[in-house]
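Please read it with the sequence and the 3D view at hand.

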Amino acid sequence: MGFSALDHQHMARALQLAEQGLCTTTPNPRVGCVIAQGDTIVGEGWHRRAGEAHAEVHALRAAGAKAQGATAYVTLEPCAHHGRTPPCADALIAAKVARVVIAMGDPNPLVAGQGIARLEQAGIPTQVGLLGAEAVELNLGFVSRMTRSRPWVRLKAATSLDGKTALNNGVSQWITGSAARADGHRWRARACAILTGFGTVRADDPLLTVRDVPCSRQPLRVLVDARFEVSPTARLFNGDPVLVVTAVSNPEKATALAGRNVDTLQLPNAHDKVDLPALLSALAQRGVNELHVEAGFKLNGSLLRENCVDELLLYTAPMLVGDSAQGLFNLPELTSLEHARQLEWRDVRLIGKDVRLIGRFQPAD
């Protein structure tokens with residue numbers, strides 16, 4: 001049995017609802033639900049925050065008795081386990097819906113088909129896969145954390161047309177315009193964590209907070225500082241949570257910073273640098289789905305060399321700043337284009353006077 005035009009319409013609405021939780025649901029996925037009697041929507045909802053009611057519960061509350069005999073459209077397989085909230089599969093069964101249409105199965109091993117099985121055991125037919133690609137896009141980070149035990153890593157950079165991020169003297173404010181900077185803050189807002197390096201903190205002393213767009217939740221700030229050199233007076237330590245990741249032990253400094261909502265993590269690799277793949281695993285264990293990177297060319301290069309980047313978010317300004325200016329990535333020289341990392345362009349558009357490019361890396365051989 002295929003999907004009707006009406007099915008597509010209702011699932012598209014459920015995806016719109018799910019997107020309203022874009023910046024708030026972490027570490028949970030973004031989920032929307034529509035309850036419909038034919039072409040009439042009798043209830044709808046979306047998951048807002050972890051610990052609060054799931055999308056299905058909001059939609060069923062809105063539908064009330066009209067949920068009986070209706071079709072439920074859910075962007076993610078209803079849960080079948082007790083977490084902070086009861087199983088949504090049970091709620092749909094209790095409401096006596098007649099059919100459930102699901103965009104994508106839940107990659108969480110605690111669910112992974114169990115929600116669908118519970119519905120079908122109760123005699124409620126289910127169909128999976130309607131607008132599934134769109135549902136996956138909305139939850140790239142959650143899927144990554146569940147299937148790869150690491151976040152989806154998006155590296156953001158602003159460059160001149162000749163690929164430079166700052167002048168040779170370090171001046172970089174501002175290469176791109178205000179519209180591009182505000183757009184960058186929108187990407188910060190949806191991330192679970194923002195990562196930078198000690199060099200950026202030393203040069204720019206950034207806050208790394210979401211400021212240019214409305215945001216009810218500040219992402220975790222993560223500082224990669226191999227030698228633990230950061231100054232305790234850095235603006236990064238403004239009271240919101242910060243994780244400092246080092247390769248060395250400095251208990252006195254760690255204790256002093258702990259009183260300012262700063263956690264420290266020691267993850268050295270064989271070269272006395274921070275073990276970046278291990279850091280991604282540690283962030284996944286902390287519930288980080290999407291990691292937004294705003295760092296300098298050295299850390300950017302290290303992340304790329306160690307295959308820690310999934311996506312580039314690149315803002316290119318219509319200016320030329322010269323050969324001696326700082327580049328994007330500290331990468332080794334290639335002698336053959338066959339060894340170049342390949343990307344797939346996912347989106348290209350004008351943001352104010354600048355061009356925004358989104359590219360995804362192809363899997364390394």
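The model is a predicted one, and its protein is divided into domain 1, spanning 5-143, and domain 2, spanning 150-361. The centres of domain 1 and domain 2, taken over C-alpha atoms, are separated by 34 Å, and the contact between them draws on 13 residues from domain 1 and eleven residues from domain 2.

**The interface between the domains**

- Between domain 1 and domain 2 an area of about 1100 Å² is buried, with carbon and sulfur atoms giving 47% of that area.
- Seven residue pairs are in polar contact between domain 1 and domain 2, counting pairs in which both residues are at pLDDT 80 or more.
- On the side of domain 1 that touches domain 2, the elements giving two or more residues are helix H5 (132-138) and helix H6 (140-148), and H6 gives the most, with three residues.
- By class, that side of domain 1 is made up of six nonpolar, four polar and three charged residues.
- The interface of domain 1 and domain 2 is also crossed by three salt bridges.

- The side chain of Glu290 meets that of Arg30 in a salt bridge, with an N to O distance of 2.8 Å.
- Glu290 also meets Arg154 in a salt bridge between their side chains, here with an N to O distance of 3.0 Å.
- Because Glu290 lies in strand E12 (residues 290-293) and Arg154 in strand E6 (residues 152-159), this pair ties together parts that are 136 residues apart in sequence.
- Both partners of this second pair, Glu290 and Arg154, are buried.

- Through shared partners, salt bridges join Arg30, Glu137, Arg154, Arg190, Glu290, Glu311, Glu344, Arg346 and Arg360 into one network.
- Glu229 and Arg227 meet through their side chains in a salt bridge with an N to O distance of 3.3 Å.
- In that pair Glu229 counts as partly exposed, at 37% relative accessibility, whereas Arg227 is exposed, with a relative accessible area of 56%.

- Asp7 is found in helix H1, which covers residues 5-19.
- Asp7 has a relative accessible area of 4%, and it is therefore classed as buried, the cut-off being under 20%.
- The side chains of Asp7 and Arg99 are joined by a polar contact of 2.9 Å.

Technical notes:
Residues numbered from 1 in each chain as written. Predicted model: local features only at pLDDT ≥ 70, side-chain atom pairs only at ≥ 80, totals over all residues. Heavy atoms only, no water. Domains from an automatic or database assignment. Contact = heavy atoms within 4.5 Å. Buried area = accessible area lost by both parts, 1.4 Å probe. Salt bridge = Lys/Arg side-chain N within 4 Å of Asp/Glu carboxyl O. Polar contact = N/O pair within 3.5 Å; in protein donor to acceptor, adjacent residues only side chain to side chain. Helix = DSSP H or I, 4+ residues; strand = E, 2+ residues; numbered from the N terminus. Nonpolar A, V, L, I, M, F, W, Y, C, P; charged D, E, K, R; others polar. Buried < 20%, exposed > 50% of the residue type's maximum accessible area, 1.4 Å probe, protein only.
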